[in-house]
Protein chains: 4
Amino acid sequence: TALPVLDHGFVRVVDYMGDDAAICQAARVSYGRGTKSVSNDEGLIRYLMRHWHSTPFEMCEIKLHVKLPIFVARQWIRHRTANVNEYSARYSILDREFYTPAPEHLAAQSVVNNQGRGETLSGEEAERVLRYLRDDAMRAYDHYEEMISTEGQQGLARELARMNLPANIYTQWYWKVDLHNLLHFLRLRADAHAQYEIRVYADAICEVVRDWVPFAFRAFEDYRMGGAQLSATAL
Amino acid sequence: TALPVLDHGFVRVVDYMGDDAAICQAARVSYGRGTKSVSNDEGLIRYLMRHWHSTPFEMCEIKLHVKLPIFVARQWIRHRTANVNEYSARYSILDREFYTPAPEHLAAQSVVNNQGRGETLSGEEAERVLRYLRDDAMRAYDHYEEMISTEGQQGLARELARMNLPANIYTQWYWKVDLHNLLHFLRLRADAHAQYEIRVYADAICEVVRDWVPFAFRAFEDYRMGGAQLSATAL
Amino acid sequence: TALPVLDHGFVRVVDYMGDDAAICQAARVSYGRGTKSVSNDEGLIRYLMRHWHSTPFEMCEIKLHVKLPIFVARQWIRHRTANVNEYSARYSILDREFYTPAPEHLAAQSVVNNQGRGETLSGEEAERVLRYLRDDAMRAYDHYEEMISTEGQQGLARELARMNLPANIYTQWYWKVDLHNLLHFLRLRADAHAQYEIRVYADAICEVVRDWVPFAFRAFEDYRMGGAQLSATAL
Amino acid sequence: TALPVLDHGFVRVVDYMGDDAAICQAARVSYGRGTKSVSNDEGLIRYLMRHWHSTPFEMCEIKLHVKLPIFVARQWIRHRTANVNEYSARYSILDREFYTPAPEHLAAQSVVNNQGRGETLSGEEAERVLRYLRDDAMRAYDHYEEMISTEGQQGLARELARMNLPANIYTQWYWKVDLHNLLHFLRLRADAHAQYEIRVYADAICEVVRDWVPFAFRAFEDYRMGGAQLSATAL
Ligand SMILES: Cc1cc2nc3c(=O)[nH]c(=O)nc-3n(C[C@H](O)[C@H](O)[C@H](O)COP(=O)(O)OP(=O)(O)OC[C@H]3O[C@@H](n4cnc5c(N)ncnc54)[C@H](O)[C@@H]3O)c2cc1C
Ligand SMILES: Cc1cc2nc3c(=O)[nH]c(=O)nc-3n(C[C@H](O)[C@H](O)[C@H](O)COP(=O)(O)OP(=O)(O)OC[C@H]3O[C@@H](n4cnc5c(N)ncnc54)[C@H](O)[C@@H]3O)c2cc1C
Ligand SMILES: Cc1cc2nc3c(=O)[nH]c(=O)nc-3n(C[C@H](O)[C@H](O)[C@H](O)COP(=O)(O)OP(=O)(O)OC[C@H]3O[C@@H](n4cnc5c(N)ncnc54)[C@H](O)[C@@H]3O)c2cc1C
Ligand SMILES: Cc1cc2nc3c(=O)[nH]c(=O)nc-3n(C[C@H](O)[C@H](O)[C@H](O)COP(=O)(O)OP(=O)(O)OC[C@H]3O[C@@H](n4cnc5c(N)ncnc54)[C@H](O)[C@@H]3O)c2cc1C
């Protein structure tokens, strides 16, 4: 039951540890026999989220199997508080699978935000872009295959041949992270400033988290995603 | 089913994620369709351990509930690659439970190793030490209780009163860690250079790990615990 | 030029790496030849702080030498993103130096906040508390010295004898951290919810940071310390 | 004074904190007034290295500016214990600079090690490989430029256009790390199992470290690089 993302990607849950109750269990170890002012689980979780008491959220852990384009993987891997095992293109042969944007996601450079997208491309321009992306990927892959082939030749090392492949080729990994750092990832990557192609992965994971730890996710949505940060001056 | 450690402590497994098979599953994602030279699980795990391919071991996670004296907790917490929730002595009242060494662990300062123990104390010296440890702990705890009492007085804040308590009082925490970093902890703390009082916790955890991931633990014992590090000069 | 903190403690800067300009230098590597919408350093730093672009702040590093009571050290060490070397009480003999609260900081348990302090103690109650703290510390230290003494006896191992000492005895460490994680530490520990005894260390470090990276500190004060977090519901 | 690496890359030191003496200073804080059995700096550093006392090495920090091909960057970034700011291909336009292996590094897939290289390619095969790598890179870059151009068209967003570029295009980053984790990086990446293209960066950094902290580097070479790990069974 993998959740499909982009044209060939997916997010699949491999394993979980803990749930909303485990967050509360850990938080309550702190309170021992002390008075319990916040007694119900959802209230306690909202309290922890609001006050940035993040360590109880670290008591939950999730392991995902993800298939994603390399340029998305390059952004994702910047989150250092996770455990990762990636498909090795030194050891193995990459598949002929490339991400091509759907026409409605073929956007122009934004004119207001240097790091974002503007309007959707159309007409001939859109067609040319798609043709370039497809043709260059296919040609690069043909040459990749040819270079590593051992028929009638020595065959280039895989670790070298892969350097010819564009950044929209797919890779795969196992990715394991605790809930606190996963929520931090989601805050940054399910956000409007994140590139669309990683945002759709973050959105898919949001659905997973909502099912897994509904109280924590709701508190996260309320205080982190939907919330606002005001400066002292603004106040 | 907590494992008892020292006079009042314990180690109790709260939850696990993954096992020997999960280590191999993650390692094999790297190999994809590549030739599998190492095909059986134990062989693969030994290979990973021998070559310090540590990330597949990070795919397993364990959560422990531990009760331990504060001077042991101070050494333990230095391992930063874990998730922790500790009993709060600001919020709650500590129990009247102190570690007192068994007579056979009442050792003299080593005369050869500045950081270690020598022979066991005996006779009057041993008795005096035990008396001091017990009496001082009891008196400190009596005063702690008296200071925080609100009968006929305001009652000192708990966060202040606890400063009177000696380092052999017990605390508790939830401690969650991945297998790679747990083995690193065990290498350092189940070692002869570690203080006896933390070593017995490490030893108890070794038993837990041996049951949980028998291949990984055997490889660890062979390559890390029992192994030796030779310098280039020695070679 | 150590900054004195509490009755025997201090914070002393050992070394720095980077400054406000280094934050901007790192942030600008991202922008390359792109248009620079934010051109002056203070504006850029405020932009980074406001948008939680935290990695450029990691480009600055500071190393402190700190002397602090053990119960403060126990809270401080929970911040895992730092490098630490602490005085060893297995190897060395601790000094006879204990923290005793000034009369105005001898507070009652708060009746509204389970984790806080209320009014200042006074009269006989205050005197008794101070007497207990002083006498118990002195007695514990006398016994510590007696137990480790090798005059006419074997002498208890230091690693065991120290367990008799209360949590207000002083220890020392070198503590090195990057600016992003230091600001995170300060947000949590210079905050009103933090225990007074660690807050005064955080306050002293705030002064150090203000001098070191004035733009970053001002942005931090404005967006993190003085700011407010509103939930989606509140908005 | 950047050290050139590969055809267009480099390693340049931006800043340092600490040196051999700083390692010893931190290690000695542990010993306090205790007997100093190891009194000279080099001896102490060798002792720390031999016994895996790694935290004093964390007291030194280095910041590098590195230019490197993306497929090397993808291996490098897996080292999570560092601080990184990379050139943004969402924000900025990448340069037309690609890594092309020198003829003597154009190697065949190893027939004994699935993750390595065998003999050097020669003759027509080598020529064809080089032609493919060069032509595909140039064509991909031409199309990249054409797609982002705003002359007579909207111009594709940079964050999308870059997905057409192959993994041998160069990127840049600031990379800051402590000495312990740098040595760990060097052990893995200056090793024969590492891919040649990252090994040359590791080798260049080895030269930097040798100059910076000569005692630490020598101890590292002796105990980590040149040393051997024996299993209990082997012993
Ligand atoms: C020859 C070679 C082949 C490789 N092949 C593959 C491959 O096929 N597939 C693949 O995925 N990778 C591969 N790698 C990468 C490898 O798995 C590591 O990701 C990389 O070497 C970084 O090592 P590290 O994790 O020890 O370093 P760092 O990330 O710098 O970590 C150092 C130490 O810090 C601790 N640590 C840091 N961050 C965390 C965290 N978030 N959680 C827990 N502990 C943490 C751990 O104790 C770790 O050992 C290969 C590496 C080499 C050298
Ligand atoms: C007022 C107050 C009351 C507190 N009460 C309690 C209590 O009752 N009980 C208790 O146990 N603690 C308590 N704490 C401590 C608190 O839970 C944190 O341990 C402490 O504040 C350090 O915060 P941190 O984890 O964000 O910092 P750091 O450890 O410096 O971490 C910073 C960030 O780095 C990442 N990170 C670093 N290391 C890891 C890792 N190993 N795994 C995953 N992510 C990592 C996380 O994203 C983390 O948010 C209290 C703290 C405060 C300020
Ligand atoms: C016998 C013995 C004696 C000791 N004596 C002393 C002493 O006198 N004084 C003293 O201060 N300590 C002492 N220690 C503690 C020791 O210095 C370490 O703090 C402790 O062993 C934890 O080891 P670690 O850092 O490898 O583990 P972890 O903190 O779990 O880290 C594992 C690895 O992750 C990486 N890592 C994790 N967090 C960070 C981070 N914030 N920054 C950079 N890298 C990180 C590093 O690669 C590290 O090696 C002693 C330990 C032992 C076993
Ligand atoms: C919209 C957007 C644009 C971006 N643009 C750029 C860009 O142009 N250039 C660029 O280089 N990056 C860019 N990034 C990546 C960004 O700089 C971070 O690397 C990434 O978001 C991961 O965030 P993190 O460091 O908080 O997460 P994690 O690495 O998961 O860390 C979480 C927390 O743990 C602690 N931590 C973990 N590891 C360490 C460590 N080794 N040392 C110290 N503390 C540690 C820190 O407190 C950290 O905040 C961008 C990200 C976003 C969302």
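Predicted model: local features only at pLDDT ≥ 70, side-chain atom pairs only at ≥ 80, totals over all residues.
Between chain D and chain A, 38 residue pairs are in polar contact, both residues of each pair being at pLDDT 80 or more. Chain D and chain A bury about 5500 Å² between them, while the area buried between chain D and chain B is about 2100 Å². Ligand 3 lies between chains B, C and D.

**Chain D against chain A: extent and composition**

- Chain D brings 62 residues to this contact, and chain A brings 62 residues.
- Carbon and sulfur atoms account for 48% of the area buried between chain D and chain A.
- On the side of chain D, the residues that lose the most area to chain A are D:Arg74, D:Arg90 and D:Met163, which together make up 14% of what that side buries.

- A salt bridge joins A:Arg74 to D:Glu86, with 3.0 Å between the closest N and O atoms.
- Several elements of chain D give two or more residues to the side that touches chain A, including the helices α3 (70–76), α4 (123–148), α5 (158–161) and α7 (196–212).
- The strands β4 (82–86), β5 (107–109) and β6 (117–120) of chain D also give two or more residues each to that side.
- The element that gives the most to this side of chain D is α4(D), with 11 residues.
- By residue class, the side of chain D that touches chain A holds 27 nonpolar, 19 polar and 16 charged residues.

**Chain D against chain B: extent and composition**

- In this interface, 22 residues of chain D are in contact with 21 residues of chain B.
- Of the area buried between chain D and chain B, carbon and sulfur atoms give 44%.

- Chain D and chain B are joined by 2 salt bridges.
- D:Glu58 and B:Arg80 meet through their side chains in a salt bridge, at 2.9 Å from N to O.
- The interface of chain D and chain B has 2 residue pairs in polar contact, with both residues at pLDDT 80 or more.
- Helix α8 (214–225) and strand β8 (228–230) of chain D each supply at least two residues of the side that touches chain B.
- The greatest contribution to that side comes from α8(D), with 4 residues.
- The residues on the side of chain D that touches chain B comprise 6 nonpolar, 9 polar and 7 charged.

**Strand pairing between chain D and chain B**

- Strand β8 (residues 228–230) of chain B pairs with β8(D) in the antiparallel sense, over 3 bridges.
- Within this pairing, B:Ala228 has D:Leu230 in β8(D) as its bridge partner.

**Surroundings of ligand 3**

- Ligand 3 is surrounded by 23 residues, the closest being B:Arg80, B:Thr81, B:His184, C:Glu86 and D:Asn181.
- From chain B, the side chain of B:Thr81 has an N or O atom 2.7 Å from an oxygen atom of ligand 3.
- From chain D, the side chain of D:His180 has an N or O atom 2.9 Å from an oxygen atom of ligand 3.
- The side chain of D:Ser30 has an N or O atom 3.2 Å from a nitrogen atom of ligand 3.

Notes: Residues numbered from 1 in each chain as written. Chains lettered and ligands numbered in written order. Heavy atoms only, no water. Contact = heavy atoms within 4.5 Å. Buried area = accessible area lost by both parts, 1.4 Å probe. Salt bridge = Lys/Arg side-chain N within 4 Å of Asp/Glu carboxyl O. Polar contact = N/O pair within 3.5 Å; in protein donor to acceptor, adjacent residues only side chain to side chain. Nonpolar A, V, L, I, M, F, W, Y, C, P; charged D, E, K, R; others polar. Pairing = 2+ DSSP bridges. Near = heavy atom within 4 Å.
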